[in-house]
Amino acid sequence: MMMYIAMLVVGLVYLVLMILTRLRGPSWQAAVLKSFTSFFFLTTLGVAALTEGRHFQFALFVGGGLLLGLLGDIWLELKGLYPEDADAWTMMGFLVFLVGHFFYLAAVTSVVGFQTEAFVAGMIGALAALAFIYIGEKPMHLQYGKYKAISAVYGAILFFMAVYTVACAIFLRNLGLLIMGIGGVFFLLSDLVLSVIYFGEGKDRPVALAVNYVLYYIGQYLIASAVLWIG
């Protein structure tokens, strides 16, 4: 457990350093620090899995999602370093995070199988995401432009994953899934902030960027830690 806590502390230190560096603008230093910050949610998962000693299939699926998250973090950071290729890096980031959520869903399924009631709740969440993107675009002063379709698909899957996992946790009284589901909610909140940064009026707001990073990494570290309490 001490090693697990150490991984969290090191990840937090890198997160603070990365945010302070990134707020000064895109740079290779910020990209490297972000890579290390993301790498440590993978090491946190590894230490947690070894500490718990069971559910390695769950840990492997979560690890796949976190690894894709690490790649997405790097590619989205390259978006600022290579603005001429920003569209390509952004689309690649969308795609790897999208696939990552399927890994998280596979992790949940490996523990609880298919849960009908949770599936229905997840579908309601996915429909809410679609409504938010297609109906709330103008009221929220967002302009998705060419990213509207991929944003809709990604948002629906993200909402489904978070709601489905929390519903499974509640129906089955599973603390580990609840922690993972809460992590998914933080992930969701971070992407809501990110949508304002990318498609709204928050592009030049350092506070929005810092909030996005904090929410995102809390979410990923919670997901990485879920194996400790999966039961």
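**View 1. Helix 7 supplies the largest share of the lining of the largest pocket, 10 residues.** The model is a predicted one, in which local features need pLDDT of at least 70 and side-chain atom pairs count only at pLDDT 80 or more, while totals for chains, interfaces and linings use all residues. Residues are numbered from 1 along each chain as its sequence is written, and side-chain values use heavy atoms, with hydrogens and water left out. Helices are DSSP runs of H or I, at least four residues, numbered from the N terminus. At least two lining residues come from each of helix 3 (56–81), helix 4 (86–112), helix 5 (116–135), helix 6, helix 7 and helix 8 (206–225).

**View 2. Around the centre of the largest pocket, the nearest of its 44 lining residues are L194, S195, I197, Y198 and N212.** A pocket is an open set of points on a 1 Å grid over the protein atoms alone, where a 1.4 Å probe fits, with protein on both sides within 12 Å along at least five of seven lines; lining residues have an atom within 4 Å of a point. The space in this pocket is about 830 Å³.

**View 3. R173 lies in the loop between helix 6 (148–172) and helix 7 (175–199).** Although not a glycine, R173 has a positive phi, near 55 degrees.

How values were computed:
Grid points are joined across faces, edges and corners, and a volume is the space filled by probe spheres set on the points.
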